[in-house]
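Dear colleague,

Please find the structure below, together with a short account of what was found in it. I would be grateful if you would read the two side by side.

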Amino acid sequence: AVVSTQSTGGAPGRHKVGKYTVCKDGFELHALPLLSTPSRVMVIDEIGKMELFSDSFKRKVGDVLNRPMTLVIATVPVQPIPFVNQLKAREDIVVFTITKANREEMRGVVGDKIQEILSNL
């Protein structure tokens, strides 16, 4: 299913992010069942503007974060977005800022943190 397309015109009932039109129904069709799958580790790439047009996605992300014994690794934008800011403010969230300048160093830092968390699950 198509989850976003490049477009030059606005489609009625569709959301746009930059030059992309978000196909919310296609996104939800594929993303929501994956977020419902029990797992010890869940990777979400990404929790950003396109994904946040879906209230169902936001609810599922909250459900996953509240799931016991589950490590969630997600990418989020640096720019402020209210839902993402709420996630970052949680006491059980660790945020790493990775840049081109620090990405090699951060590979070890993030890897060590993931191992630490997994050893405590």
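**Findings**

Lysine 16 counts as partly exposed because its relative accessibility is 34%, where buried means under 20% relative accessible area, exposed over 50% and partly exposed in between (1.4 Å probe, protein chains only). The residue belongs to strand E2 (residues 15-17); helices (H or I, at least four residues) and strands (E, at least two) are DSSP runs, numbered from the N terminus. From lysine 16 to methionine 50 the C-alpha to C-alpha distance is 7.9 Å, although 34 residues separate them in sequence.

Please note that this is a predicted model, in which local features need pLDDT of at least 70 and side-chain atom pairs count only at pLDDT 80 or more, while totals for chains, interfaces and linings use all residues. Residues are numbered from 1 along each chain as its sequence is written, and side-chain values use heavy atoms, with hydrogens and water left out.

**The chain as a whole**

The protein chain contains four helices and five strands, arranged along the sequence as β-β-β-α-β-α-β-α-α. Of its 121 residues, 25% are buried. The chain exposes about 8200 Å², with 55% of that area supplied by carbon and sulfur atoms; accessible areas come from the Shrake-Rupley method with a 1.4 Å probe, and for residues only the protein chains shown count as cover. Among contacts (heavy atoms within 4.5 Å) with a separation of 6 or more, 60% are between residues 24 or more positions apart.

**Helices H1 and H2**

Two packed helices are described by the angle between their axes and the distance between the axes. Helix H1 (residues 24-36) and helix H2 (residues 55-66) have axes that come within 10 Å and cross at roughly 15°. Axes are lines fitted to C-alpha atoms, for helices over the stretch in contact, and angles run from 0 to 180 degrees between N-to-C directions. H1 is therefore roughly parallel to H2, as angles under 35 degrees count as roughly parallel, over 145 as roughly antiparallel, 65 to 115 as roughly perpendicular and the rest as oblique.

On the H1 side, Phe27, Glu28, Leu32, Leu35 and Ser36 meet Ser56, Phe57, Lys60, Val61 and Val64 of H2. These contact residues divide into six nonpolar, two polar and two charged; Ala, Val, Leu, Ile, Met, Phe, Trp, Tyr, Cys and Pro count as nonpolar, Asp, Glu, Lys and Arg as charged, and the others, Gly among them, as polar.

**Individual residues**

Cysteine 23, in the loop between strand E3 (20-22) and H1, counts as buried because its relative accessibility is 9%. Its C-alpha is 9.7 Å from that of phenylalanine 53, 30 residues away in sequence. Aspartate 25 lies in helix H1 and is exposed, with a relative accessible area of 60%. Aspartate 25 and serine 54 are 29 residues apart in sequence, with 8.8 Å between their C-alpha atoms.

Two points concern the backbone. Most residues other than glycine have a negative phi, and most peptide bonds are trans. Aspartate 45 and glutamate 46 are joined by a cis peptide bond, with omega about 20°; glutamate 46 is in the loop between strand E4 (41-45) and H2. Methionine 69, in the loop between H2 and strand E5 (71-75), has a positive phi of about 60° although it is not a glycine.

Yours sincerely
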